[in-house]
Structures are given as structure tokens and as C-alpha cells.
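Please keep the sequence and the structure in view while reading.

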Amino acid sequence: MCGIIGYTGHLDALHVLLNGLEQLEYRGYDSAGIALFSSGNDRFIMKKAGPVATLKDACADVDIISHCGIGHTRWATHGGVNDTNAHPHIAGKVTLIHNGIIENYHNLIERFGLRDSLVSETDTEVAARVLDYYYKGDPYEAIRRTTREITGSYAFCIMFEDIHDQIFCVRNVSPMVAAHMKDGSFVASDVTAIIPYTNRYFVIPEYQIVTLRQDGISVQDLNGNPVEPEMLEVSWNVEAAKKNGYPHYMLKEIHEQPDALRNTITPRLNDGLPDFSEDGIPDRILSSCDKIAIVACGTAMYAGMVGKALIEPIIKIPVSVNIASEFRYENPLVDEKTLVIVISQSGETIDTLAALRLSRKCGARVLSIVNVKGSTIARESNYVFYTHAGPEIAVASTKAYMVQLASLYLIGCRTAMVRGKFSESDARTFISRLMDSIPAVQSVLADKDRLKAAASVLAKAQDAFFVGRGLDYAFSLEGSLKLKEISYIHAEAYAAGELKHGTIALIEENTPVIAVATQDKIYGKTVSNIKEVKARGAFVILITKENAEVSEDISDMHFTVPVPYDQFTVFPVAVILQLLAYYTSDMKGLNVDKPRNLAKSVTVE
Ligand code: G6P
């Protein structure tokens, strides 16, 4: 949420910042801005409401030589979307950009008598003014004193008017990474912005002040003691963060799913069985817990819903799925005997992070399923299960969901083994079926054109319903989220048997109903529910297994998945639902990769 980039070095700073902002735009795209020191040491600011492209246009004729600057792309929290509220904010000698929320900004306005001097409606400008108040020529002293005043989350990138070639950074909760290479020093909200220059970076530690100079980066704690940051390496390259000929990142990422599944599953197989010794995850955390609590937000939470529906019946202990933003405020039933599984693509979602911290405080062991290496959630968990999806740029998550599912399947299988619920042969069969899901995903991708016809029906609709039972219901939740996120069609997922208790009142002539019916055990019951909506005029898009017996009168369009086993249909079904959402959004001419009001990494509460 909000993207930050800063650079000082030999390169053209304007170019570096604008390119970096384009890479970070998925973090927020209400407005964007930059601040630079010109070669004559003047301060130059440009900020514009709208996407980074608007800022780029505004900078097209800017004739400035600069080697030091900061840039920001905003997801508005305090104050509307306009040029004035866009970052950077200037206060006296201070130029500042910020990701996070200053919770006590009202108090600070009173305490520092700022009411008449503020020009924007943002909490960020308040922080800039407090910093300027304390700045008497010593940046470290000013930053120290300001951070003592502030409560909330922040990643700040600061330039001082009289220090022309340096950038100062400090953070609490909100993420920020830094890197130095021969062309200079970089800071960014995440590695996607610096990967064109280097693959070695470090995560800026909380409450430490980082100084970017042309010839290096120094880190010190708030008492001025030098700190040696831990260097990390990105395992993917700049090509992985490009569209590679696809019209949208989302479509590219949907197509990357077979590889992502392979990359996540195969390194964890030893003689056909799941083995987490390389991850440092001991069996005892899986065998000794008496319940599992899965905690996550958005798509990651829906992956958790599938995980629960899969794992609970196998291992026969309670598995709960919790919305992270609720979990932290509801006195959760978590203790030393609970294994908390936190799921997060970014590893930075603040609600999920807060739930993790609460779980640890309650004595639970936390195993996180995370995609971004070195992220805060990964660092604060007891154990980390990294998914190897590579960078996911589209705001709507696809391949990260797929590998989160695969991770839960692996964890479920290993847990069943160590708890004596699976024999070695059961586990082997389970894993071989999991591996067979990969070609099934591939085959849906190879036959996607027919989905466009279904999408053309959805594109005309105002509402759509997703129905299924058991595991199918869990898949439907994510299908419905995908459609509403990127096509702005009101979509709801219902357990098919529950429709008749209210929702069926909403079904009218031609209301699209996407019915997922891949579970043999309850297939007949689901078909009855489908007939109930069909009888009321619904346009039914049906998804079943290939071998299902389907009478023609229950659907208007029918798609099948080449998987014979109930537990494994989710993988190809997910692709069908993702593609339906993708084509619908594209047909409506919407911004598939950057849907309105959303951001990929939600680092505010
Ligand atoms: C945002 C994104 C979703 C994502 C959710 C959780 O809402 O738009 O796509 O599923 O955050 O993100 P995480 O990084 O924790 O998986």
C-alpha cells in the first residue's frame, strides 16, 4: 500500500524514479509524485492525481539534471485524491514521502500548533512538519525526536534541503528495502523496483535510520550505534517482473501456474513423500498441536478455506479459518497447543501481521506460508514455508493462490503422516494425485477460448452467484472474489444448499450462476440445487469433472476438469474461475491489473 522509491547516485534520478514508480504502481495508484535535487541544488517537486502515467506525462518536458530524489505512488487513506494530497510533502527544509498511517496526527496538530500551516489533508504532512520543527541541522536527532512523537505505522523517505545528495529512511511496520551497487544507492517499498539494478538488498530494520549516499549506505540504531544489515538475494530476475508478451500481468501469471506449482512442490518431495527438513519445519509442530488456526486476508484467506475443507476431515482435529482483521480483536482461542498457519503472498499485510504477533503472544507456534522472501511476516514467524511463485504483480492474486493451496496440501499430507492418519502408501498416492493436478491446470489453459463465450454473458450482468458444496464451496468463494475485484460485478458465493434460505430470492431470468459440482459425494445434492436456480431462470455455467453424468437441462454452458479425485479438482477449477474473471474484466474494457480502489499489498489497517 503506497509505493516508495528513493535514489542517489550517478544515474539520471528522474528516470530511475519514474521507472521505479511504474514497477511499484500495484501498491497504490491514486496519485504519484517525485522530489529531486537539481544539479544546482534546487528542490524540484512534481505531483499529480492519477496514475504514474499522468506524472510521467507531466515530467516529459522537465529539463533537469538530477542525481538524487524520492518518489511515491499513493493509495489514499487520509484526504481525498488530488494533487495537493499527493506525496512528497514539503515542510520548511523537509521533503518527505510516507507509507503507513500516523494514528496520533490529530494530537500532533494540536501539540505543535500546526492547524494554520497545513496545506493538505494528510497525516503525512503533519509528520513532515514535526520533523521540520525538530530539524536544526542534525538529521539523526530530528528523526529520533520525531519517531518518539509518532504512533502508527510508517516508512519514511526524507530529503533535507541543505543535504543535497543524501536520503534518510526510517520505518516502523511498513516495509522498505535498500540496496547499493556501483551506480548508487536505492530504497524502495519492495524489490521489484530495484531488481533492474541489483539482486542483493536488505530489509531496513524497524526503528533504525538508514542513510543513502552515492557511495554507500549506512545503518544506525536510534542511539547512533552502527548496525550491519543482513543481506538477501532475490532469486528471480527482471524478466520475471515483465509481461513477456501477455496483454496483462494477470493473464501472464495465470499461465505461470503450472511452473509455480512445480517450483513449490518438487523441492519438498523426497522419494515421493513431503519432507520439510530443508525448510527447517520440524514434524513435532505438526504432531503436537491439538488444533490449527489459519489466519489470512483476501485470496490468501480463501486458500485457507480450501485448506480447512481438505485438512480437517483427514487429520480430525479442529481447523479454523480466520479473517486476520477480525481475529486480532476477538480474543481468539489460541494457546501453546495451537498451530497457527499464517498465509500471505506479500508477507506484509498489516492485519495478518498483527494476528501473527497476537498468536505468538498467546504462546502459539506460527508457521507462515509466504511468497516474498525476507518479508516481515516471514521474519517474525517461528517457521516459514516459502512459496516459489516468483513476483506477482497483478493486484488480483492468481498464481500465489495456487501455490498457497499446494503448500496447504503438502502440509496437510505431512501432518496426516506424522499423526498416523496416512500410511506411507496413502501419502504417496496423495502426492502423486497432487502432481497430476499440474497437467490438469495445463489442459485448462490450453482450452481457454470457450471461456470467453461464458465471460461475454457475465460481462453483461450486474450480479452473479457462485454456488457449490463442500470443497466446491471453498473454491467458489475465491471465484466470486476474483470476479468482483476486477470486473466490478456484484458477485456472491453460497453454499449451494443454503440458497433456498434466502439468496434464491435474487435469482431472476438470466442471472448468471456459476455452479461448481466436482465433489462426487454430494454431486446429486448440488445438482438438485442447480435445478432449483435453473427453474427460476438462472443462466447456469456449470463446472464438473469430465466423467460426471450431466443432463443437458441443468446448464447453459458446461466446462469440465480432467481430474478424477474430489480433493484435487480445485487446481483446474481455480484456473477456470480466474479466466472467467479475467476475460469478463477485459471485455468490459477495465483495468485488469489495477482495479479501482484496491492495492496489492495492504499495509494499513
Ligand atoms: C489485498 C490484495 C489481495 C490479497 C490480500 C492479502 O487485498 O488485493 O489480492 O489476497 O491483500 O494479501 P497477502 O499479501 O497477505 O496475501
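Helices (H or I, at least four residues) and strands (E, at least two) are DSSP runs, numbered from the N terminus. Leu 353, for example, is found in helix H11, which covers residues 350-361. The model is predicted: local features need pLDDT of at least 70, side-chain atom pairs count only at pLDDT 80 or more, and totals for chains, interfaces and linings use all residues. Residues are numbered from 1 along each chain as its sequence is written, and side-chain values use heavy atoms, with hydrogens and water left out.

## Burial and distance

A residue is called buried under 20% relative accessible area, exposed over 50%, and partly exposed in between (1.4 Å probe, protein chains only). Leu 353 counts as buried because its relative accessibility is 1%. Its C-alpha atom is separated by 9.4 Å from that of Ser 381, a residue 28 positions away along the chain. Gly 479 belongs to helix H16 (residues 471-487). With 2% relative accessibility, Gly 479 also counts as buried. Between the C-alpha atoms of Gly 479 and Pro 318 the separation is 25 Å, and 161 residues is their distance along the chain.

## The ligand and its surroundings

Which residues are closest to the ligand? The ligand is surrounded by 14 residues, and the closest are Thr 299, Ser 344, Gln 345, Ser 346 and Thr 349. Here a residue is near a molecule if one of its heavy atoms lies within 4 Å of it. Helix H9 (residues 298-315) gives the most to this shell, namely 3 residues. By class, the shell has 5 nonpolar, 7 polar and 2 charged residues. In this scheme Ala, Val, Leu, Ile, Met, Phe, Trp, Tyr, Cys and Pro count as nonpolar, Asp, Glu, Lys and Arg as charged, and the others, Gly among them, as polar.

| Residue | Protein atom | Ligand atom | Distance |
|---|---|---|---|
| Ser 344 | side-chain N or O | oxygen | 2.6 Å |
| Gln 345 | backbone N or O | oxygen | 2.7 Å |
| Thr 349 | side-chain N or O | oxygen | 2.5 Å |

The ligand on its own has 390 Å² of accessible area, and the protein covers 90% of this. Accessible areas come from the Shrake-Rupley method with a 1.4 Å probe.

## Aromatic rings

The structure holds 16 aromatic pairs. Rings of Phe, Tyr and Trp (its six-membered ring) pair if their centres lie within 6.5 Å; planes under 30 degrees apart count as stacked, over 60 as edge-to-face and the rest as tilted.

Why is the pair of Phe 112 and Tyr 133 edge-to-face? The ring planes stand at 80° with the centres 5.1 Å apart, so this pair is edge-to-face. The pair links distant parts of the chain, 21 residues apart: Phe 112 is in the loop between helix H3 (105-111) and helix H4 (123-134), and Tyr 133 is in helix H4. Phe 112 is buried, its relative accessible area being 15%.

The pair formed by Tyr 409 and Phe 568 is tilted, because its planes meet at 55°, while the ring centres are 5.6 Å apart. This pair also links distant parts of the chain: Tyr 409 is in helix H13 (residues 399-418), and Phe 568, 159 residues apart from it, is in the loop between strand E26 (557-561) and helix H18 (570-587). Tyr 409 is buried at a relative accessible area of 0%, and Phe 568 is buried at 1%.

A charge sits over a ring if NZ of Lys or CZ of Arg is within 6 Å of the ring centre and within 35 degrees of the ring normal. The charged end of Lys 136 sits over the ring of Tyr 133, 5.3 Å from its centre. Arg 596 lies over the face of Tyr 488, at 3.8 Å from the ring centre.

## Backbone features

Most residues other than glycine have a negative phi, and most peptide bonds are trans. Tyr 488 has a positive phi of about 60° and is in the loop between H16 and strand E23 (490-495). Tyr 488 counts as partly exposed, at 24% relative accessibility. For Tyr 207, phi is near 55°, again a positive value. A cis peptide bond, with omega about 0°, joins His 87 and Pro 88.

Notes: Polar contact = N/O pair within 3.5 Å; in protein donor to acceptor, adjacent residues only side chain to side chain.
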